[in-house]
Amino acid sequence: MFMLKAFLLTIIVIIFLVEVVFRIFAKLFPFPAPSLIGTFLDSGFRRVVQPPAKVIERSGIKEGMRVLETGCGSGAFVDHVSRAIGQNGKLYALDISPGMLRRTERKLARLDNIDIKNVELVRSNACDLPFADETFDLIYMVTVLWEIPDRMKALKEAVRILKPGGIFSVTELLMDPHYPLRSTVVRTCCKAGFVTLETFGNFFDYTIRFKKSG
Ligand SMILES: C[S@@+](CC[C@H](N)C(=O)[O-])C[C@H]1O[C@@H](n2cnc3c(N)ncnc32)[C@H](O)[C@@H]1O
């Protein structure tokens, strides 16, 4: 029993130290997540820790919406959101990394996703979006916003392309080396022109739903 406790404690300490090292590294050398971690992002473990259905519900994603996922990564949420908005909706899955987009493309090409016809992949920087003003009903970001060095610029772009009253949702997970505190996200997003509608979850895993003000 003592050995088991010592083993578990060692694992927890190692995870903690790795997390701290990653955080320091991410702060010193900001760069987008390498596509290699796409395997973890779209894994069974991730779906247990951060179930897509929960993110969809908290974000306020509904049937028929025109939606943008900024920083879609390897597509962990793309298939779920595509089905949630249905054939009357449209999802643009955007990422700066060609490697991540290739992963999402491969996922969508799988036989179990043959029904998905409402997704368009876009390679772009969140700070300079290739969309007209007031295009989207909803924009969501999962473990992305604090990875963008000029996040205020990315937020202003989100404000620009959202329809009046459109929804912007930010989801974060403590495991992510870029994890920001909830209060920091609220302060930054409100400064960019959003109004907080509702917050969900806890310290480890939260979603904040905002509305475009004005
Ligand atoms: C930690 S991953 C999260 C991916 C996905 N949202 C998920 O939760 O599985 C962050 C993603 O944001 C993308 N990203 C980082 N900076 C970006 C930027 N300026 N514009 C667009 N995407 C960006 C990265 O390429 C990466 O795919």
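Helices are DSSP runs of H or I with at least four residues, strands are DSSP runs of E with at least two, and both are numbered from the N terminus. By that rule, Ser-59 belongs to helix α4, which covers residues 52-59. The model is a predicted one, in which local features need pLDDT of at least 70, side-chain atom pairs count only at pLDDT 80 or more, and totals for chains, interfaces and linings use all residues. Residues are numbered from 1 along each chain as its sequence is written, and side-chain values use heavy atoms, with hydrogens and water left out.

Ser-59 has a relative accessible area of 0% and is therefore buried. Here buried means under 20% relative accessible area, exposed means over 50%, and partly exposed lies in between, with a 1.4 Å probe and protein chains only. The C-alpha atom of Ser-59 is 7.1 Å from that of Tyr-140, although 81 residues separate the two along the chain.

Val-18 lies in another element, helix α1 (residues 2-28). With a relative accessible area of 40%, Val-18 is partly exposed. Its C-alpha atom is 9.7 Å from that of Pro-177, a residue 159 positions away along the chain.

Phe-77 is in the loop that runs between β1 (66-70) and α5 (78-85). This residue is buried, because its relative accessible area is 3%. Between the C-alpha atoms of Phe-77 and Asp-42 there are 8.2 Å, and along the chain the two are 35 residues apart.

Most residues other than glycine have a negative phi. Glu-134, in the loop between β3 (119-123) and β4 (136-142), has a positive phi near 50°. Glu-134 is partly exposed, as its relative accessible area is 45%. Thr-143 also has a positive phi near 50° and is placed in the loop between β4 and α7 (151-161). At a relative accessible area of 13%, Thr-143 is buried.

Where does the ligand sit? It is in the largest pocket. A pocket is found on a 1 Å grid over the protein atoms alone, as an open set of points where a 1.4 Å probe fits, with protein on both sides within 12 Å along at least five of seven lines. A molecule sits in a pocket if more than half of its atoms lie within 2 Å of the grid points.

The ligand is surrounded by 21 residues, the closest being Arg-46, Gly-71, Asp-95, Ala-126 and Val-142; a residue is near the ligand if one of its heavy atoms lies within 4 Å of it. This shell divides into 11 nonpolar, 6 polar and 4 charged residues. Ala, Val, Leu, Ile, Met, Phe, Trp, Tyr, Cys and Pro count as nonpolar, Asp, Glu, Lys and Arg as charged, and the others, Gly among them, as polar.

Polar contacts are pairs of N or O atoms within 3.5 Å. A polar backbone atom of Gly-71 is 2.7 Å from a nitrogen atom of the ligand. For a polar side-chain atom of Asn-125, the distance to a ligand nitrogen is 2.9 Å, and a polar backbone atom of Ala-126 is likewise 2.9 Å from a nitrogen atom of the ligand. On its own the ligand has 590 Å² of accessible area, of which the protein covers 98%; such areas come from the Shrake-Rupley method with a 1.4 Å probe.

Notes:
A polar contact is a pair of N or O atoms within 3.5 Å; within protein, one must be able to donate a hydrogen and the other to accept it, and residues adjacent in sequence count only if both atoms are side-chain atoms. On a 1 Å grid over the protein atoms alone, a cavity is a set of points where a 1.4 Å probe fits but cannot get out, and a pocket is an open set with protein on both sides within 12 Å along at least five of seven lines; lining residues have an atom within 4 Å of a point.
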